[in-house]
Amino acid sequence: MESIQTFGIAIIGGSFSGLSAALSLVRSLRNIVVIDSGKPCNQNTPASHNFITHDGRNPKLIREKTILDLSKYPNFHSIFGEVQSIGKSEKGFLIKGDGIPEIHTEKIIFATGLKDVLPEIPGFAESWGKSILHCPYCHGYEFVGKTTGLWMNENGVFEHSKFLKHWTKELTVYTNGPIQFSKEEEIKLETEGISSITEKVKTLIHKEGQLTSIQFVSGKEIPIDALYARVQMVQHSSLPESLGCKMLPSGHLEVSNFYETNVPGVYAVGDMASIFRSVAHAVHSGNIAGAMLNRAMILS
């Protein structure tokens, strides 16, 4: 059995927010470890956008280049594996997991992100992040003027629809069943010239993740190029909550402006603690958290 490894700071999650925090901290002379299970939420996305100097680049390549940069620092360490439990110790935290050594750390930064719960409809998961999209700022430019749908059946659908019309006028709402949003919103959609189709969807037809049409249970088929979807999101990891970190009604972790949770010594970054789901924001949050955690340790 391996002896316990000790680090000043453990970052759990090695995508953009976690690696950004790591860079801030190794340059602040902190001895850190990044523990990553290799399951980023954007692993299905071929290109990342709205991130300067990397617009249109594959996010996997950006991560690989970042790890290469971090590897030049002797105080950077990384472990591939999944954390199973975290316990409080007299001087910090004890981390355990499958395939990783026991790790003692003074501080923790969670960067485990959110997980999308996708409808179990053929073609949905295969097209997610390619032509089924969560954000027009991230991917809308590539589908300007295209035949577009909004997969949504809840209040707020009118606001989302009107927003998406900035990128395309060819917009239809797909509810996949009887309408569940208010009559007022239904009337507003009609006034805006946005139709709603309530038929149950059988499959999303695509070619290597690029949508071509929607096929309904009735057998009818409608051509489509892009589909924005409001899907359920849950925390990828239950570890922060098990440590006592407060959750917001939205499902995000409650953090300060400097990404501190209510648990002393524990920070949370990226989309697990923010409504913004973009590479640029993930990097921003990691950079701020790393800098402010280092400051707190100096002044303590």
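In the predicted model, helix α1, which spans residues 16–26, packs against helix α2, residues 59–70, at an angle of about 20°. The axes of these two helices lie 11 Å apart. Because angles under 35 degrees count as roughly parallel, α1 and α2 are described as roughly parallel to each other. The crossing of α1 and α2 is left-handed. On the side of α1, the residues involved are F16, L19, A22, L23 and V26, and they meet P59, I62, R63, T66, I67 and L70 in α2. By class, the contact of α1 with α2 comprises 9 nonpolar residues, 1 polar residue and 1 charged residue.

Helix α1 also meets helix α8, which covers residues 279–299. The axes of α1 and α8 come within 7 Å and cross at roughly 35°, and the crossing of this pair is right-handed. Here α1 contributes F16, S17, S20, A21, S24 and L25. The partners of these residues in α8 are V279, A282, V283, S285, G286, N287, G290, A291 and N294. The contact of α1 with α8 contains 7 nonpolar and 8 polar residues, with no charged residues. F16 of α1 takes part in the contact with α2 and in the contact with α8.

A further helix pair is formed by α5, residues 157–164, and α6, residues 183–191. Their axes are 9 Å apart, and the helices pack at an angle of about 20°, which makes α5 roughly parallel to α6. The crossing of α5 and α6 is left-handed. V157, F158, E159 and S161 make the contact from α5, while E185, K188 and L189 make the contact from α6. These residues divide into 3 nonpolar, 1 polar and 3 charged.

Attention now turns to the strands. An open sheet of 5 strands has the order β8-β15-β9-β10-β11, with parallel pairing. Its edges are formed by β8 (132–133) and β11 (195–197), each of which pairs on one side only. Within this sheet, strand β9 (residues 148–151) and strand β10 (residues 171–174) are joined in the parallel sense over 4 bridges. In this pairing, W151 stands opposite Y174 in β10.

Another open sheet consists of 3 strands in the order β12-β13-β14, and its pairing is antiparallel. The edge strands are β12 (201–207) and β14 (221–223), each pairing on one side only. From one strand to the next, the twist averages 25°. Strand β13, which runs from residue 210 to residue 216, is linked to β14 by 3 bridges, and the two strands run antiparallel. S213 has P223 in β14 as its bridge partner.

Taken as a whole, the secondary structure of the chain comes to 8 helices and 17 strands. Along the principal axes, the C-alpha atoms fill a box of roughly 60 × 35 × 35 Å. The chain has a radius of gyration of 21 Å, which agrees with the value near 19 Å that a compact globule of 300 residues would have.

How values were computed. Residues are numbered from 1 along each chain as its sequence is written. This is a predicted model: local features need pLDDT of at least 70, side-chain atom pairs count only at pLDDT 80 or more; totals for chains, interfaces and linings use all residues. Side-chain values use heavy atoms; hydrogens and water are left out. Two strands pair if DSSP finds at least two bridges between them. Axes are lines fitted to C-alpha atoms, for helices over the stretch in contact, and angles run from 0 to 180 degrees between N-to-C directions. Angles under 35 degrees count as roughly parallel, over 145 as roughly antiparallel, 65 to 115 as roughly perpendicular and the rest as oblique. A crossing is left-handed if the near helix is turned anticlockwise from the far one by less than a right angle, and right-handed if clockwise. Contact means heavy atoms within 4.5 Å. Ala, Val, Leu, Ile, Met, Phe, Trp, Tyr, Cys and Pro count as nonpolar, Asp, Glu, Lys and Arg as charged, and the others, Gly among them, as polar. The radius of gyration is taken over C-alpha atoms; the globule rule is 2.2 Å times the number of residues to the power 0.38.
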